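Take a first look at the chain below. Follow it piece by piece, with the sequence at hand.

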Amino acid sequence: MTHNAMIDEWYPVGLFSKLDAGGRKTALMGEPINVARDAEGNARVTGGNGRPLPVCVRYGHVWSSLGAPQKALFAIPEADQAGRRFVDVGVVRVRCSPLRAVENFLDIAHFPFVHTDILGAEPHTEVQNYKVEIREDEVWATQVKFYQPQAAKSASGGITTEYMYRVPAPTCAVLYKTCPPRPSEWDVITLFVQPLAEDLCDVWPWMALFDDTTSLTDLIHFQQTIFLQDRSILENQIPRLLPLDPGMEIPTRADLTSVAYRRWLKRHDYTYGAQLVAQ
């Protein structure tokens with residue numbers, strides 16, 4: 001494995017609520033790891049040779065790293081907000097680059113075509129102008145608006161949904177979207193991606209919602225339905241790795257977030273799962 005800046009980042013490696021003493025055998029960036037609870041009930045992560053790895057527990061997940069993280073895990077203030085429901089969606093394995101999984105999550109234009117009659121519908125296919133910026137060394141897309149037949153499980157009909165996207169880490173993205181029951185608040189949907197290898201990842205969606213009526217099963221099923229629709233697209237993308245050379249794929253006006261994300265990855269040497277030159 002080439003050493004680049006991504007080795008010192010935090011990655012999700014399991015749901016804390018599912019851990020037991022026996023542990024969960026998995027992998028991180030090509031190295032076998034084990035995620036378990038110790039005798040005191042704390043999360044413990046060990047590498048392939050039994051070496052202890054850094055651990056933190058946040059947003060319902062256990063996080064670890066093969067390197068030495070230089071900073072704390074990014075903050076999601078809504079995770080501490082009273083009255084929200086926190087939903088551990090589970091895990092979906094995808095045969096694609098972990099960076100591809102994040103980029104797809106940031107793509108607004110695919111809603112009407114991939115998530116037809118849920119997150120989008122024809123003829124409402126135009127992506128309106130929106131704003132992309134680097135804010136405190138994170139990629140942000142704001143003022144994103146899209147018509148959606150069913151924006152959330154709590155939505156009773158079609159609405160124009162407003163979105164904000166945030167990329168606080170190379171394999172994590174946070175989506176803030178219109179909260180139908182509470183228009184003054186945002187629903188928060190995250191994508192935490194565990195890089196198993198450069199072309200294989202486990203995706204751990206997590207949500208912080210204001211929704212007192214929908215059952216937990218329905219909330220999880222709704223989100224898994226969306227992501228399974230994405231998985232078929234992701235697993236057929238060529239090349240498997242995410243191209244960082246601007247000339248390798250032709251972006252459109254709707255791809256401003258993707259372009260900013262790729263530039264941000266390249267600038268920070270976040271290249272695990274990336275293709276740097278055309279082949």
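What follows is a short walk through a sheet, a helix and one arginine.

Keep in mind that this model is predicted.

Begin with the sheet. Strands of a sheet pair through backbone hydrogen bonds, either parallel or antiparallel. Here three strands line up in the order E2-E3-E4. Their pairing is antiparallel, and the sheet is open. Strand E2 (24-28) and strand E4 (43-46) are the edge strands, as each pairs on one side only. Neighbouring strands of the sheet are turned against each other by 30 degrees on average, direction ignored.

Now look at one pair of strands. E2 and strand E3 (residues 31-37) run antiparallel and are joined by five bridges.

Next comes helix H4, which covers residues 256-268. Several H4 residues are buried, among them Thr257, Tyr261 and Trp264. Ala260, Arg262 and Leu265 are buried too, and so is Ser258. After H4 comes Asp269, and its phi is positive, near 65 degrees.

Finish with Arg100, in helix H1 (residues 98-105). Is Arg100 buried or exposed? Its relative accessibility is 3%, so Arg100 counts as buried; the cut-off for buried is under 20%.

Conventions:
Residues numbered from 1 in each chain as written. Predicted model: local features only at pLDDT ≥ 70, side-chain atom pairs only at ≥ 80, totals over all residues. Heavy atoms only, no water. Helix = DSSP H or I, 4+ residues; strand = E, 2+ residues; numbered from the N terminus. Buried < 20%, exposed > 50% of the residue type's maximum accessible area, 1.4 Å probe, protein only. Pairing = 2+ DSSP bridges. Axes fitted to C-alpha atoms, helices over the stretch in contact; angles between N-to-C directions. Expected span 1.5 Å × (residues − 1).
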